[in-house]
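Subject: Structure handover

Hi,

Here is the structure I promised to pass on. My notes follow below it.

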Amino acid sequence: MRLVRTDIRPTVPCKPRDPGWTYTCCLMKTLAATQETAVKRIVAELKHRPGPLLEILHAIQDTLGCVPEAVVAPVAEGLNLSRAEVHGVITFYHHFRRAPAGAHTVSLCQAEACRSMGAVALAEHARRRLGVDFHQTTPDGRFTLEPIYCLGNCACSPAAMIDGRLHGRLTPERFDEIIAAQAKSS
Ligand code: FES
């Protein structure tokens with residue numbers, strides 16, 4: 001299983017704060033020219049790998065910050081798949097975002113070892129603190145909350161990855177401190 005990577009900043013981003021890009025590009029059916037070029041390059045580079053669809057979708061998300069509806073057609077065409085097949089894979093995996101993440105990505109481990117050490121309660125706290133559920137971004141665009149399933153840090157459960165940095169033995173108080181520090185930095 002490929003872990004969710006939160007340490008990657010999009011190289012061709014589409015965030016509302018970035019000049020020249022529109023938030024809605026991820027929700028609509030069109031790509032900016034530079035994004036379209038990036039998608040075509042990714043498909044051309046990876047389409048000869050075995051079972052390339054997932055790898056291509058990961059690369060698109062790493063590059064654009066999300067997997068917008070508009071990539072379905074060029075990916076399907078490049079891999080000789082139906083649009084329904086590509087759309088089905090994108091919507092099956094929660095990892096693929098349909099809209100860009102916020103400025104900070106908070107991934108809370110919800111796998112077994114962390115659950116046994118309070119990850120569920122920590123997630124409840126995080127939901128209340130940020131005011132969003134998993135797979136959602138705060139209205140101010142600052143934080144995206146995501147579940148993740150084992151960060152390889154089970155000995156220090158409950159664990160989280162926040163902006164690519166691993167945190168262990170998290171408590172609600174420590175979580176609030178980290179979030180407050182991140183909020184100040186943005
Ligand atoms: S189960 Fe959470 S880090 Fe392994």
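Of the 186 residues in the chain, 33% are buried. Please keep in mind that this is a predicted model. The chain holds 7 helices and 5 strands. Their order along the sequence is α-α-α-α-β-α-α-β-β-β-β-α. Among contacts with a separation of 6 or more, 62% are between residues 24 or more positions apart.

**Strand S1**

Start with strand S1, residues 104-109. 6 of its 6 residues are buried, so the strand is largely enclosed by the rest of the structure. A residue needs 20 or more other C-beta atoms within 10 Å to count as buried. In a regular strand, side chains alternate between the two faces of the sheet. In S1, His-104, Val-106 and Leu-108 point one way. Thr-105, Ser-107 and Cys-109 point the other way. Both sets are buried.

Which strands pair with S1? One is S3, in the parallel sense, over 6 bridges. There, His-104 has Phe-143 of S3 as its bridge partner. Another is S4, which runs antiparallel to S1 and is joined to it by 3 bridges. On that side, Leu-108 is bridged to Ala-160 of S4.

**Helix packing: H3 and H4**

Two helix pairs deserve a look. Take H3 and H4 (residues 83-92) to begin with. Their axes come within 8 Å and cross at roughly 120 degrees. Angles from 65 to 115 degrees count as roughly perpendicular and those over 145 as roughly antiparallel. H3 and H4 are therefore oblique to each other. The crossing is right-handed. From H3, the contact takes in Val-72, Ala-73, Val-75 and Ala-76. From H4 come Arg-83, Val-86 and His-87. By type, the contact has 5 nonpolar residues, 1 polar and 1 charged.

**Helix packing: H6 and H7**

The other pair is H6 (residues 119-130) and H7 (residues 172-185). They pack at an angle of about 40 degrees, and their axes are 10 Å apart. This crossing, too, is right-handed. On the H6 side you will find Leu-122, His-125, Ala-126 and Arg-129. They meet Pro-172, Phe-175, Asp-176 and Ile-179 of H7. The residues here divide into 5 nonpolar, 1 polar and 2 charged.

**Backbone geometry**

Most residues other than glycine have a negative phi, and most peptide bonds are trans.

- Ser-157 and Pro-158 are joined by a cis peptide bond, with omega about -10 degrees. Pro-158 sits in the loop between strand S3 (143-148) and strand S4 (160-162).
- Asp-163 has a positive phi, near 50 degrees. Its place is the loop between S4 and strand S5 (165-167). With 17 other C-beta atoms within 10 Å, Asp-163 is partly exposed.
- Arg-169 also has a positive phi, near 50 degrees. This residue is in the loop between S5 and H7. Arg-169 is partly exposed, with 13 other C-beta atoms within 10 Å.

Is Cys-154 buried or partly exposed? It counts as partly exposed, because it has 17 C-beta neighbours inside 10 Å, and a buried residue would need 20 or more. Cys-154 lies in the loop between S3 and S4, as Pro-158 does. The C-alpha atoms of Cys-154 and Gly-168 are separated by 8.5 Å, and these residues are 14 apart along the chain.

Glu-69 belongs to the loop between helix H2 (52-64) and helix H3 (72-79). It is partly exposed, with 17 other C-beta atoms within 10 Å. Where does the chain bring Glu-69 relative to Thr-30? The two are 39 residues apart in sequence, and their C-alpha atoms are 8.0 Å apart in space.

**Where to look**

Then go to the H3 and H4 crossing, and on to that of H6 and H7. Finish with the cis bond at Ser-157 and Pro-158, and the positive phi values of Asp-163 and Arg-169.

Best wishes

How values were computed: Residues numbered from 1 in each chain as written. Predicted model: local features only at pLDDT ≥ 70, side-chain atom pairs only at ≥ 80, totals over all residues. Axes fitted to C-alpha atoms, helices over the stretch in contact; angles between N-to-C directions. Helix = DSSP H or I, 4+ residues; strand = E, 2+ residues; numbered from the N terminus. Left-handed = near helix turned anticlockwise from the far one by under 90°. Contact = placed C-beta atoms within 7 Å. Nonpolar A, V, L, I, M, F, W, Y, C, P; charged D, E, K, R; others polar. Buried ≥ 20, exposed ≤ 12 C-beta atoms within 10 Å, placed from the backbone. Pairing = 2+ DSSP bridges. Parallel < 35°, antiparallel > 145°, perpendicular 65-115°, else oblique.
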